[in-house]
Every structure is written in C-alpha cells, then in structure tokens.
Amino acid sequence: MIRIIKKFSVRIILIILVIGVVAFLVFNQNGLIKYLNLRSEIEHLDSQIKSSEEKIKKLNQEIDSLNTSRDKIERVAREKYHMMKSNERVLKIEVN
C-alpha cells in the first residue's frame, strides 16, 4: 500500500515538474510565444525590405532613363509639371 502511494506521489511530482518546465518554456520572457511573434515580425519586415528594394530599383531605372533620354524628360515635364512650348495650347478633357 505504501509502495503504491510512493509510486503515485512520484508520478504526480514528475507530471507537475513536466508541466512546470513546459509552461516555463512557453510563457517566459524569451519563450516560445515571444519567439513565434518575433519570427512573424521578421517575415513582415523581410517582405517590406523586398518591396522597398523593388521600389528603389524602379526609381533608379527612372533616374537612368531621365539622365539619358531627352524625350523622357520632355514627357515628364509636360505631364507632371504641366509645361508646354510657347506655340502650344493645352486642352483639358473632363469626363463626367
């Protein structure tokens, strides 16, 4: 009878110990939950970095085309800054 109680007590202590260790690994300051949150944040930041790199690449291509093409400079000046030559008239078409 005492033997059974000792085995039962040892099992209870081991179960409590295992639960305590698992809880510590999951919920402590550097635990599994924090690891998963940081990993998610890293993936989000990586996607932002890739997006920014693509944007930089497109802007560098735009800069190169503006540095080399006179037609491109003229088109940007007309569209973005509404510039025109001295003998031209600008027509605006509004769609209702």
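Tutor: Happy to! Let's start with R78, which is partly exposed at 29% relative accessibility; here buried means under 20% relative accessible area, exposed over 50%, and partly exposed in between, with a 1.4 Å probe and protein chains only. Before going further, please keep in mind that this is a predicted model, where local features need pLDDT of at least 70, side-chain atom pairs count only at pLDDT 80 or more, and totals for chains, interfaces and linings use all residues. Residues are numbered from 1 along each chain as its sequence is written, and side-chain values use heavy atoms, with hydrogens and water left out.

What does R78 pair with? The side chain of R78 meets that of E74 in a salt bridge, 3.0 Å from N to O; the term stands for a side-chain nitrogen of Lys or Arg within 4 Å of a carboxyl oxygen of Asp or Glu. Side chains of opposite charge can pair when their charged atoms come close. Both R78 and E74 sit in helix 3 (residues 70–81), four residues apart, about one turn of the helix. Helices are DSSP runs (H or I, at least four residues), as strands are (E, at least two), numbered from the N terminus. E74 is partly exposed too, at 33% relative accessibility.

E74 has another partner: a salt bridge links E74 to K85, with the closest N and O atoms 3.9 Å apart. Since E74 lies in helix 3 and K85 in the segment after helix 3, this pair ties together parts that are 11 residues apart in sequence. K85 counts as partly exposed, with 47% relative accessibility.

Helix 3 also holds E79 and R75, four residues apart and so separated by about one helical turn. These two form a salt bridge as well, their closest N and O atoms being 3.9 Å apart. E79 is exposed, with a relative accessible area of 53%, whereas R75 is partly exposed at 40%. The structure holds six salt bridges.

Now step back to the chain around this part. The chain has three helices and zero strands, and 3% of its 96 residues count as buried. Its C-alpha atoms fill a box of roughly 110 × 40 × 15 Å along the principal axes.
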